[in-house]
Amino acid sequence: MADADIHFYFDPVCPFAWMTSKWVRMVQAQRDYTVDWRFISLRLINKTVDYDSHFPPGYDAGHTAGLRLLRVAARTRAEHGRDAVGTLYAELGAAIYDTAGGPGAAGDGHRGTREFLVPVLSGAGLPTALADALEDSSYDELLDRESAEALALTGKDVGTPIIQFRPPDGVAFFGPVISRLPSDADAVPLWDNVVGLASFPGFAELKRSLREQPQLRAFGVEPDQVGVQEDWHAGSRRLKK
């Protein structure tokens, strides 16, 4: 998918990346964009960081689970193509964040286990043998390289997701960080505004620290747009990747 309209770099354990990805899929459906779902590992970009002093408890386990899931995503891409990564990410995100409670709602590492992953792979229509890649650190070099590729687009003081529109020379940015889904009517105007702002060569940052809890069931918050989310997930495989 060298000519994809959007490169979307994600770590599956980032809730804000998941929320942004759902909005991007809404835009994708209305604009008929193609999306190449690419990798950025929070564990690898923080590999020199002392987690005990820099992060709250549980982040090391959570980020490590993300790395393990990205190994599976990398093997999925190698064996089943780039479109399959989008399908896998849809199932992963729904299992992690659009399900209330249960193991793995916190950063306890459960998400990086076969017990968690095998039903996700089955739901995505992918071979459960792909779960063997959870332990396969040979994929880490590729994940490290792709993470560096993402950070080269924005600078290093960011997280996930990172988006590039109309690569290889198009505008790139971190985020946007959104805590809830827009309506179908607002999804494309929001996209156009974000891209328009990021396209100004002198633009660097627009930020506010006040934010609400992500409107996701895993956080015990019933989303305002539950129907929209459920309709999106049910139809996710019908969207053009």
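This is a friendly chat about the predicted model shown above.

Visitor: Hi! What should I know about how this was made and numbered?
Guide: This is a predicted model, in which local features need pLDDT of at least 70, side-chain atom pairs count only at pLDDT 80 or more, and totals for chains, interfaces and linings use all residues. Residues are numbered from 1 along each chain as its sequence is written, and side-chain values use heavy atoms, with hydrogens and water left out.

Visitor: What is the average pLDDT of the protein?
Guide: The average is 87, and 88% of the residues score at least 70. Here pLDDT is the predictor's confidence in each residue, from 0 to 100. Over residues 225-241 the pLDDT is below 50, and this stretch has 42 contacts in the model beyond near neighbours in sequence. A contact means heavy atoms within 4.5 Å.

Visitor: OK, the big picture then. How many helices and strands are there?
Guide: The protein has nine helices and four strands. Both are DSSP runs numbered from the N terminus: helices are H or I with at least four residues, and strands are E with at least two. Starting at the N terminus, the order is β-α-β-α-α-α-α-α-α-β-β-α-α.

Visitor: And how much of the protein is buried?
Guide: Of its 241 residues, 51% count as buried. Buried means under 20% relative accessible area, exposed means over 50%, and partly exposed is in between (1.4 Å probe, protein chains only).

Visitor: Which strands does β1 pair with?
Guide: β1 runs parallel to β2, joined by five bridges, and it pairs with β3 in the antiparallel sense over four bridges. Two strands pair if DSSP finds at least two bridges between them. As examples, F8 stands opposite W37 in β2, and I6 has F165 in β3 as its bridge partner.

Visitor: Is β2 covered on one face, or on both? What sits there?
Guide: Both faces of β2 are covered. V35, W37 and F39 are on one side, D36 and R38 are on the other, and all are buried.

Visitor: What about β3, which residues point which way?
Guide: In β3 (residues 162-165), I162 and Q164 point one way while I163 and F165 point the other way, and all are buried. β3 also runs antiparallel to β4 (residues 172-174), with three bridges joining them. I162 stands opposite F174 in β4. The two strands form a hairpin with six residues between them, and R166 in the turn has a positive phi of about 55 degrees.

Visitor: New topic: how many aromatic pairs are there?
Guide: There are eleven aromatic pairs in the structure. In F8 and W37, the ring centres are 4.9 Å apart and the planes are at 55 degrees, so this pair is tilted. Rings of Phe, Tyr and Trp (its six-membered ring) pair if their centres lie within 6.5 Å; planes under 30 degrees apart count as stacked, over 60 as edge-to-face and the rest as tilted.

Visitor: Where in the chain do F8 and W37 lie?
Guide: F8 lies in β1 (residues 6-10) and W37 in β2 (residues 35-39), so the pair ties together parts that are 29 residues apart in sequence. F8 is buried at 0% relative accessibility, and W37 is buried with a relative accessible area of 1%. Another tilted pair is W23 and W191, because their planes are at 55 degrees, with ring centres 5.7 Å apart. W23 is in α1 (residues 15-31) and W191 in α8 (residues 184-199), 168 residues apart.

Visitor: Which residues make up the aromatic cluster with F8?
Guide: F8, F10, W18, W37, F39 and Y89 form one aromatic cluster.

Visitor: How far does helix α5 reach?
Guide: α5 (residues 82-97) has 16 residues and reaches 23 Å from its first C-alpha to its last, close to the 22 Å expected at 1.5 Å a residue. The expected span is 1.5 Å times one less than the number of residues. α5 is mostly covered, with 13 of its 16 residues buried.

Visitor: Last one: is G220 buried or exposed?
Guide: G220 is exposed, with a relative accessible area of 70%. G220 is in the loop between α8 and α9 (226-234). G220 and T99 are 121 residues apart in sequence and 9.3 Å apart in space, C-alpha to C-alpha.
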